[in-house]
Amino acid sequence: MAPRSDAGDQRVNPIPISLALEEIITGGIRQRLPDSASARFGTMLAGERTLDGRQEIVVCGTVNAKTSSGVGDKSFIAKVYPDASSRFELVAMDDETEAARLQIGGTCRAAGLPIPDPKMHL
């Protein structure tokens, strides 16, 4: 039997975001912002899965923060590895291009963690 492709393993089992997990996520994102004090987090959804025998928590969310081009909403995807001392990995953050927003939105939807596009306010 052929191994399943990575695409087949994208879905996660949704989990609530504990205070400890929230601290890992917000701390990891703040480290990557030019003005971490300005960060205001919006929607965040998390889910867990096991890939290649390794447990990971996938997080999709939004953050509003000051950037070089002003204040703006950014979507992001991150992973936390509970088996590796809760190591944080930023997978992608919106770089204010439509391609980045679409990629992040599509990846989050495929994982079962759809977040509202921060650029699509009604």
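Me: If a disulfide is a pair of cysteine sulfur atoms within 2.5 Å, what joins Cys60 to Cys108 here?

Reply: Their S to S distance is 2.1 Å, and the cut-off is 2.5 Å, so the pair counts as a disulfide. Bear in mind that this is a predicted model, where local features need pLDDT of at least 70, side-chain atom pairs need pLDDT 80 or more, and totals for chains, interfaces and linings use all residues. Residues are numbered from 1 along each chain as its sequence is written, and side-chain values use heavy atoms, leaving out hydrogens and water.

Me: Why is the disulfide of Cys60 and Cys108 called left-handed?

Reply: Because the torsion about its S-S bond is about -100 degrees. Cys60 sits in strand 3 (residues 54-67) and Cys108 in helix 2 (residues 98-111), so the bond ties together parts 48 residues apart in sequence. Helices (H or I, at least four residues) and strands (E, at least two) are DSSP runs, numbered from the N terminus.

Me: How do you know whether Cys60 is buried or exposed?

Reply: Buried means under 20% relative accessible area, exposed over 50%, and partly exposed in between (1.4 Å probe, protein chains only). Cys60 comes out at 0%, so it's buried. Cys108 is also at 0%, hence buried.

Me: What makes Glu56 and Lys79 a salt bridge?

Reply: The rule asks for a side-chain nitrogen of Lys or Arg within 4 Å of a carboxyl oxygen of Asp or Glu. The closest N and O atoms of Glu56 and Lys79 are 3.7 Å apart, so they pass. This pair links distant parts of the chain, with Glu56 in strand 3 and Lys79 in strand 4, 23 residues apart. Glu56 also bridges to Arg49, at 2.6 Å. Glu56 is buried at 4%, and Lys79 is buried at 17%.

Me: What makes Thr26 buried or exposed?

Reply: Thr26 has a relative accessible area of 13%, so it's buried. This residue lies in helix 1 (residues 19-30). Apart from neighbours within four places in sequence, Thr26 is in contact (heavy atoms within 4.5 Å) with Phe41 and Met44.
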